[in-house]
Amino acid sequence: MAGNVFRKSRLHLTLYYSAIMGIFLLVLLTLMYKSMHWALFSEQAYELQETANDIVHAQSLIMQHKMQIDPESDFREKRDRLFFYAYSNDGVMLNFSRSSFRLEPFIFECIASKDVPQDDVKVYTTTDTDGRVKKVMLTAKPIVIDGAGAGMTYVGKDVTVLYNGLKKATYALAALGGLALLIAAGIGHAMSGKAIVPLKEAYEKQRQFAADASHELRTPLRVVLASAD
């Protein structure tokens, strides 16, 4: 009976230690994921904004001075999945550097929806014809000539690979967290066993004391009965 009580107590302590460690790991993994996501987004957003500023400046020069500048060739070495589409105020496409053919219809839908933020960055999610999830980062920059708006340039980047890498890193962290939780459960089981030892010793001493007291009470009773006989 007492053994079952101590085994249950040890199990409860193990679960308690494991729950505490599980909560700690969950908070830690969540913070790590948020930190990685913030670092990835902020760096890519900064790069996209800088490139967009350069492209808009080049497009303004083309429109203002009729210069023969090809932004696509000028920024080809920097692009790394970058693309842009420049429009006049009348909606006429002035210049472009195309994205992949599979993503282009979705990008035109985003541009037509007027949902692309100006001077800010937003990530859009879509699914291509093969059923693969794609992530596209977009921003809009106005083309300004002599202080007046002459059009709009939409600059974007295919960041699918980066987000896939983030997802794989998250899975790896979750697997490591599960392994760490198993190890923590084993350590918690060992610690709970050590915590139970003083309780067992106190229980054994109390039981021995009760047994001795019972024996001392029974001994005078036997003497009295023997004397009566």
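## Close-up views of a predicted single-chain model

**View 1. Overall arrangement of the chain.** The secondary structure of the chain comes to five helices and five strands, where helices (H or I, at least four residues) and strands (E, at least two) are DSSP runs numbered from the N terminus. This is a predicted model, in which local features need pLDDT of at least 70 and side-chain atom pairs count only at pLDDT 80 or more, whereas totals for chains, interfaces and linings use all residues. Residues are numbered from 1 along each chain as its sequence is written, and side-chain values use heavy atoms, with hydrogens and water left out. Read from the N terminus, the elements follow the order α-α-α-β-β-α-β-β-β-α. Of the 229 residues in the chain, 30% count as buried; here buried means under 20% relative accessible area, exposed means over 50%, and partly exposed lies in between (1.4 Å probe, protein chains only).

**View 2. The largest pocket and its lining.** The largest pocket has a volume of about 210 Å³. Among the 13 residues that line this pocket, Tyr-87, Ser-88, Lys-114, Met-152 and Tyr-154 are the closest to its centre. Two or more lining residues come from each of the elements β1 (82-88), β4 (133-145) and β5 (148-158), and β5 gives the most, with five residues. By residue class, the lining divides into seven nonpolar, five polar and one charged, with Ala, Val, Leu, Ile, Met, Phe, Trp, Tyr, Cys and Pro counted as nonpolar, Asp, Glu, Lys and Arg as charged, and the others, Gly among them, as polar. On a 1 Å grid over the protein atoms alone, a pocket is an open set of points where a 1.4 Å probe fits, with protein on both sides within 12 Å along at least five of seven lines, and lining residues have an atom within 4 Å of a point. Grid points are joined across faces, edges and corners, and the volume is the space filled by probe spheres set on the points.

**View 3. The loop between α4 and β3.** Lys-114, one of the residues closest to the centre of the largest pocket, is placed in the loop between α4 and β3 (122-127) and counts as exposed at 68% relative accessibility. Its phi is near 60 degrees, a positive value in a residue other than glycine. Asp-119 is found in the loop between α4 and β3 as well, with a positive phi near 55 degrees and a relative accessible area of 49%, which makes it partly exposed. For context, most residues other than glycine have a negative phi. The side chains of Asp-115 and Lys-122 meet in a salt bridge, with 2.7 Å from N to O; Asp-115 is partly exposed at 35% relative accessibility, and Lys-122 is partly exposed at 32%.

View 4. The structure holds four salt bridges, each defined as a side-chain nitrogen of Lys or Arg within 4 Å of a carboxyl oxygen of Asp or Glu. Glu-47 forms one of them with Lys-157, the closest N and O atoms being 3.0 Å apart. Because Glu-47 lies in helix α1 and Lys-157 in strand β5, the pair ties together parts that are 110 residues apart in sequence. Glu-47 counts as partly exposed at 27% relative accessibility, whereas Lys-157 counts as buried at 3%.

**View 5. Surroundings of Glu-104.** Glu-104 is placed in helix α4 (residues 104-112) and counts as buried, at 7% relative accessibility. Its side chain meets that of Arg-98 in a salt bridge of 2.3 Å, N to O, and Arg-98 is partly exposed, with a relative accessible area of 37%. Between Glu-104 and Phe-83 the separation is 21 residues in sequence and 9.8 Å in space, C-alpha to C-alpha.

View 6. Leu-176, Leu-179, Leu-182, Ile-183, Ile-187 and Met-191 make a nonpolar surface patch of about 620 Å². Patches of this kind are made of residues with over 30% relative accessible area and no salt bridge, with nonpolar side chains (Val, Leu, Ile, Met, Phe, Trp, Tyr) joined within 5 Å, and accessible areas come from the Shrake-Rupley method with a 1.4 Å probe, only the protein chains shown counting as cover for residues. Ile-187 is found in helix α5 (residues 160-228) and is partly exposed, with a relative accessible area of 47%. Ile-23, in helix α1 (residues 2-65), counts as exposed at 58% relative accessibility. Ile-23 and Leu-181 are 158 residues apart in sequence, but 9.9 Å apart in space, C-alpha to C-alpha.

Technical notes: Patches are made of residues with over 30% relative accessible area and no salt bridge: like charges are joined within 9 Å, nonpolar side chains (Val, Leu, Ile, Met, Phe, Trp, Tyr) within 5 Å.
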